[in-house]
Amino acid sequence: MMPATLIDKIWCQHAVREFGDGWTLLAIDRQLIHDLSGPPALKALTARGVPVHSPDLVFATPDHVVSSEPGRTGETMGPGAGLWRELRQRTGAAGIRLFDVGERGQGIVHVIGPELGLVLPGATLVCGDSHTCTNGALGALAFGVGTSECAHALGTATLRMRKPRKMRLTIEGRLGRGVTAKDVILHAIAVFGTSAAVQHVIEYAGSTVRALDIEERLTLCNLSVEMGARSGIVAPDDKTFDYLAGRRNAPGGALFERAVDHWRRLASDEGAVFDTDVALDARAIAPTLTWGTDPGQAMPVDGLIPDPREIGDPAARQRAEAALAYMGLAGGQPLAGAAVDIVFIGSCANARLSDLRAAAAILRGRRVATGVTAWAVPGSEQVKRDAEAEGLDRVFRDAGFQWREPGCSLCVAANGDVAPPGARVVSTSNRNFVGRQGPGARTHLASPASAAAAAVAGRIVDVRSF
Amino acid sequence: MRAFTTVHGVAAWLDRSDVDTDLIIRIERLTGGDLTGLGRYALEALRFRKDGGEEPDFVLNKPGYRGAPILIAGPNFGCGSSREPAVNALMALGVEAIIAPSFGDIFYANCFQVGLLPVRLPEAEVRRLGAEAAAAPADFTVDLEAQRVVAPSGACFAFDIDGRRRTMMLEGLDEIGLTLKEAAAIAGWQAGDRIARPWIWEPVAQDIETRTRS
């Protein structure tokens with residue numbers, strides 16, 4: 001038999017029908033829906049009289065438009081209240097399980113899927129959110145889709161798709177001190193570009209990736225879409241199985257053992273062919289932050305901001321000039337030292353327990369600099385409770401951080417959490433687009449440790465000096 | 001979805017790469033649920049100044065280009081968020097076709113769901129079309145049936161498009177309706193999978209039962 005990739009194996013297993021023109025009707029094992037794209041998709045389906053095909057496989061939670069204010073309810077954030085009510089009503093009517101505000105299980109949709117054991121190796125998954133690629137960290141084939149394809153998946157338990165191209169990104173070597181999965185992926189996007197993986201699924205491979213724990217792999221896969229990819233994936237291994245064992249919706253007992261037998265066979269075969277094959281040396285990666293207005297405009301924290309005058313390609317030069325003007329920065333200058341107004345630790349990229357621990361390790365015994373507003377927004381109700389059980393909330397509060405309620409919050413600024421115009425934000429999220437965190441807000445993407453260090457220093461700083 | 005054949009009209013050159021969907025439509029504009037009224041917010045960070053007045057230098061605010069049905073743009077157009085209303089917002093602004101060297105994958109798929117034609121052409125051809133569009137407002141033709149773009153100068157560029165997508169667009173076909181006809185195949189696949197991979201099915205069903213009882 002021809003050697004196959006992990007992606008090929010999952011694809012073939014889920015092909016309900018090949019249409020013969022390169023298109024496949026692909027079975028979907030799991031669908032996650034949230035408060036922003038879920039209600040319109042369910043509404044569209046209802047409007048045409050189509051019921052939800054397999055409600056047992058669909059799970060919902062409010063995350064985008066619910067307030068992160070301590071003591072919030074689903075209605076605290078006025079403009080989002082209607083969507084929250086509609087999510088409750090429509091999921092209730094369809095028999096879809098909802099993990100609601102204040103309930104264990106609620107949280108950012110890409111945090112709760114793995115946490116609840118809903119996302120399993122070899123499974124297919126869709127969600128109306130581009131960061132669905134996060135879930136590939138467990139060896140699932142996970143696609144972000146728009147409202148219409150969400151409705152299609154709800155109504156048919158399938159998607160019509162062309163098989164994506166396959167890219168392998170092999171990362172070898174040990175990570176240096178202060179370098180995390182976030183730094184690795186920001187570095188990768190800077191090296192390969194924001195459209196390098198368009199029409200591809202990226203399989204992350206190599207000794208560096210194998211050494212990452214599951215939460216780090218979730219961060220790595222989370223930013224796949226920022227390289228243009230349809231998704232990212234990591235072959236399941238013992239770390240994956242250990243992570244899943246005992247989770248609420250993961251199989252237990254003999255069924256778990258049987259599943260593991262199957263999951264072990266999913267890894268890409270020796271000699272399997274990828275459409276694109278690229279590599280990185282982990283030892284060359286420093287703590288990395290973005291300086292511009294796309295995730296590829298990233299640089300080592302101890303480097304100099306690119307000087308547009310030294311960029312040969314006119315389009316790239318123009319783009320760098322526009323980004324620097326928006327960011328209020330000058331080319332050729334150090335990035336470290338830029339004064340920071342806001343620090344945000346949260347989002348589906350970096351709001352899991354290990355992320356909060358990494359930030360707390362920097363903050364313990366220190367204080368947020370005067371004039372800096374600092375927020376910690378746990379990725380889920382479970383993460384929040386676990387963090388509180390080990391006293392991390394105290395560490396954040398004692399340092400001067402606000403300890404808030406789980407959701408997307410300032411990553412996407414859909415729930416009233418916005419940074420004011422001109423504010424410089426060091427953020428553990430995944431997008432630094434123009435206006436992403438509020439009109440005129442200036443975002444620097446960073447790891448939780450780098451963000452915590454910036455909060456303490458009041459400026460962008462090399463976390464290795466802490 | 002309405003059937004799509006040809007767009008004939010002015011083309012505006014948005015000479016910028018990585019036009020992300022946050023830039024196309026801010027997320028807080030989507031909490032109201034109204035898709036047809038999104039035109040006023042489309043590309044707002046580019047169209048309007050900080051004081052709310054129009055940005056006179058932005059191409060779609062220039063005489064002759066306002067309401068242009070064809071947009072010519074740089075690579076990776078529509079990258080970022082999966083928000084499908086980004087397509088609705090551009091359509092509400094009057095855009096019917098976008099020509100670019102590459103598109104964000106999710107945005108590209110969403111275009112076909114909503115009925116806006118994304119045309120991929122090599123970067124050199126896009127830049128040539130863009131330069132012609134920027135020289136003066138004049139009518140271009142984007143012909144899906146013939147798979148070509150014709151510039152006012154007569155320059156003509158053929159484009160590739162997936163055959164299934166082209167047919168869906170030309171005939172205004174509805175994917176959900178087509179897939180519902182595959183109901184038996186889907187049921188058959190699911191029945192087989194319950195036996196092959198019971199771990200996908202049993203734990204979630206048991207969890208629902210437990211919750212229902214408690």
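## Basis of the model

This is a predicted model, in which local features need pLDDT of at least 70 and side-chain atom pairs count only at pLDDT 80 or more, while totals for chains, interfaces and linings use all residues. Residues are numbered from 1 along each chain as its sequence is written, and chains are lettered from A and ligands numbered from 1 in the order in which they are written.

## The sheet of chain B

Strand β5 (residues 139–143) and strand β6 (residues 148–150) of chain B run antiparallel and are joined by three bridges; helices (H or I, at least four residues) and strands (E, at least two) are DSSP runs numbered from the N terminus, and two strands pair if DSSP finds at least two bridges between them. Both strands belong to an open sheet of seven strands with mixed pairing, in the order β4-β3-β2-β1-β5-β6-β7 (chain B). Because β4 (117–120) and β7 (156–158) of chain B stand at the edges with a single partner strand each, one side of each is left without a neighbour in the sheet. From one strand to the next, the twist averages 25°, with axes fitted as lines to C-alpha atoms, for helices over the stretch in contact, and angles running from 0 to 180 degrees between N-to-C directions.

Helix α5 (residues 123–135) of chain B lies across β1 (6–14), β2 (70–73), β3 (97–100), β6 and β7 of chain B, and runs at about 90° to β1(B); residues are in contact if their C-beta atoms, placed from the backbone, lie within 7 Å. An automatic or database domain assignment divides chain B into domain 1 (6–173) and domain 2 (182–213), whose centres, taken over C-alpha atoms, are separated by 42 Å.

## The build of chain A

The secondary structure of chain A comes to 15 helices and 19 strands. Its radius of gyration, 21 Å, is close to the 23 Å that the globule rule gives for 466 residues, so chain A is as compact as a globular protein of that length; the radius is taken over C-alpha atoms, and the rule is 2.2 Å times the number of residues to the power 0.38. Of the 466 residues of chain A, 62% count as buried, which requires 20 or more other C-beta atoms within 10 Å of a residue's own, whereas exposed residues have 12 or fewer and partly exposed ones lie in between.

Helix α8 (residues 214–222) of chain A is mostly covered, with eight of its nine residues buried, and these buried residues pack against α4 (109–115), α6 (181–192), β10 (200–205), β11 (231–234) and α12 (353–363) of chain A. In the loop between α6 and β10 of chain A is found A:G193, which counts as partly exposed because it has 17 C-beta neighbours inside 10 Å.

## Where the chains meet

The contact takes 62 residues from chain A and 48 residues from chain B. On the side of chain A that touches chain B, the largest share, seven residues, comes from α5(A). By class, this side has 28 nonpolar, 18 polar and 16 charged residues, where Ala, Val, Leu, Ile, Met, Phe, Trp, Tyr, Cys and Pro count as nonpolar, Asp, Glu, Lys and Arg as charged, and the others, Gly among them, as polar.

Key: Contact = placed C-beta atoms within 7 Å.
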